[in-house]
Amino acid sequence: MIIAFAGQQNSGKSTIFNQLAGYRAITSNFPGKTVQYSKSQVNYHGNVFDIVDLPGTYSLTSCDLAELESGIYLLKGEVDVVINVIDASLLIRSLELTKQLQELEVPLVLCLNFMDDARRKGIEINIKKLSGLLEVPVVPTIAVKGIGVHELIEEACKIGEQKKLSKSLPFSKDVEKVIEDFAEKVSFLANEWKIPKRFLTIKLLEGDDYFISKIEDKKILAEMVNAQKILEESHGRPSDVVISSERHALAINIFEEVVTSGKPNVTFRDKLDKVLMHKYLGYLFLALILYIFFNVVFLFGAMIEGPMMNFFAETVIPAVRMHSGSGLAPYLFIGAIQGFAGGIGIVLPFIIPFFIGLAIMEDVGYLPRIAFLMDAFLHRIGLHGKSILPLILGYGCSVPAVMGTRILESDRDRYITAVLATMVPCAARNAIILGLVAFFISPTAAMGIYILNIVVIALSGMLFLRIMPEITPGLIFEVPRYQIPSVNIILKKTWLRTKDFIFVAWPLLIGGSIVLSLLEYYEMDMVVNQTLYPLTSVLLGLPMIVGITLIFGILRKELAMVMLIQALGTSHVLDVMSRTQIITFVVFVTFYVPCIATIAVLMQEFGKKRAGFVLIFTTIIATVMAVLIRIAGEICGY
Amino acid sequence: MPTLDQVQEGKKVKVIKIKGGLRLRHRLTEIGIHPGDIVGIVKISVFGGPILIAIEGAEVAIGRGVAQKLEVEVVE
């Protein structure tokens, strides 16, 4: 048996799904998260069945790709029963989706989730009456606590076995008349496509792009426009608004029949927004929360990184060197170990606490509030408020920053945010800025580089705003109630995201390290330096030997500094490089192409072409900025 | 008739018309905003940011651009 879960965002659908499934699905308290649907086989008290988590949707229109997909999937008829999870405290809006699911005429069970929140809001629901009016079984649940989930599954299995189809409730008389008349004309199409006649009729009257594009017969289209016109003229509204208003009216009627409203119980959660979303204080708390968050992440990361890297450098590598004989073998082994150590010592200690923190902020419901507060600023550089998180994350590591752009809805926003996030100096680049500029020149100079970086990112954002203007209808997103998150789900979510690093980026990190060892073994550095001479020496005015370090920097960013010192043959960098040269080098390394692991993730998320653009764009920016710094430095005789 | 972005914080308004295309209408209705609905203006963010509105127990943030397309009537 296949059970599908459908529900609006923040309905708690994925929470129920996760309680049933293994470590596969992901829940979210942020709109637009589940882009692909996940499937999982479940053995529940001896019953084996498949569960499918459909993308979190508000409705079933074709305007949204995820919503369209959900609808098409349900129409295929593979699903035995659909569980429609709804937020009991938002009954009217939720029932509008329920109505649309009924139009699909699939076996349906309604799951009334967040019963506790509804009660707190003073909403008492007569479940028997609701079930009677909808002619669909209704099961109340409190998903986070697991209350009612067992009953829900039992009911779903029962309905699935009976194959009891749901049916849609009638609209008002005049609208029904138009539907009936037009349905006659499309019934052959509905038969051909094996979808319910009434559903197709309503979709066409709503002007649904997907179904209209499938119709070739011009006569039917003309009939459709005609029917739409009748609705428009009699109601004085576009036909799609007429239909949605009908569903809305039905939902209100049901609400009034089944709900008795009492006094809402004002709790701490309701008061929280008085400060966290305050006009001015809200920003103060945002800064404080992010400050604490990133400090905890970096402190935790640093605590692991130091001892871990020492362990590899002082214990593992010498041991390997001792036992692997001579020739190429020790180089390969050590290269692989260094790549492995980089993942476990430098990346994982930072991204795991970051992902845990991100999941907490997401599930508590703070993320949409950050988006609300930050939107005004990020809008100016062509982004949305939600983009702030991937951007800040970029200071830790570009890999999760690029992956973190998934919280954004539109592809354009995701891409621009990803490009800008890769320009933010990651931990390795921070190490270079601090290790070379702050150490050899001054902390003020290092701060200057950070400010320059932010300015360049903002300017790049404005440039993208010009090249890729916004096409989305604008910002509309729900700010959900605060929730107490479930530890289990936070851990599942963290694992799911970390998995991407482990299986995509890490192998490349190891591969890159091995390549470096090979370069070293075959003494290829001279060839590389010669090849890069026009860039390094002619254009940037740097010593020729830095060429190889730039290649190292692509494979593993922090190696650019280590290798610079190795290539120069001294840690007294000032003896061999001028201040201007140091700053030029660091600026170039800060902006030029992201590391190989980031490139891999960019390719995975956006395809080869758009990942390639990032490489070209960042190289141009890096070169221009470094040349400008060189000129400025030489003019000042610094 | 004023649009939503011209209304003060704390007021309640009735949505009269959505002056936008099919996509915008869909996105607003699916999140619970229909012509005829009563909407509360909860918060107007500073620096031209989004507007937070309350509708049937849910809170929804909408950008100024979208707000400009909502014709409303102040009811309280």
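Biologist: How many cavities of 30 Å³ or more does the count come to, and what lines the second largest cavity?

Modeller: Happy to! This is a predicted model, where local features need pLDDT of at least 70, side-chain atom pairs count only at pLDDT 80 or more, and totals for chains, interfaces and linings use all residues. Residues are numbered from 1 along each chain as written, chains are lettered from A and ligands numbered from 1 in written order, and side-chain values use heavy atoms, without hydrogens or water.

The count comes to seven cavities of 30 Å³ or more (sets of points on a 1 Å grid over the protein atoms alone where a 1.4 Å probe fits but cannot get out). The second largest cavity has a volume of about 140 Å³, the space filled by probe spheres set on its points. Its lining holds 15 residues, each with an atom within 4 Å of a point. Ser59(A), Gln100(A), Ser244(A), Arg247(A) and Thr29(B) lie nearest the centre of this cavity.

Helices H3 (91–103) and H11 (239–258) of chain A and helix H1 (22–30) of chain B each give two or more residues to the lining (helices are DSSP runs of H or I, at least four residues). H3(A) provides the largest share, four residues. Domain 1 (2–162) and domain 2 (173–261) of chain A, bounded by an automatic or database assignment, each supply at least three lining residues.

H3(A) and H11(A) also pack together, with axes 8 Å apart and at an angle of about 120° (lines fitted to C-alpha atoms over the stretch in contact, with angles from 0 to 180 degrees between N-to-C directions).

Conventions:
On a 1 Å grid over the protein atoms alone, a cavity is a set of points where a 1.4 Å probe fits but cannot get out, and a pocket is an open set with protein on both sides within 12 Å along at least five of seven lines; lining residues have an atom within 4 Å of a point.
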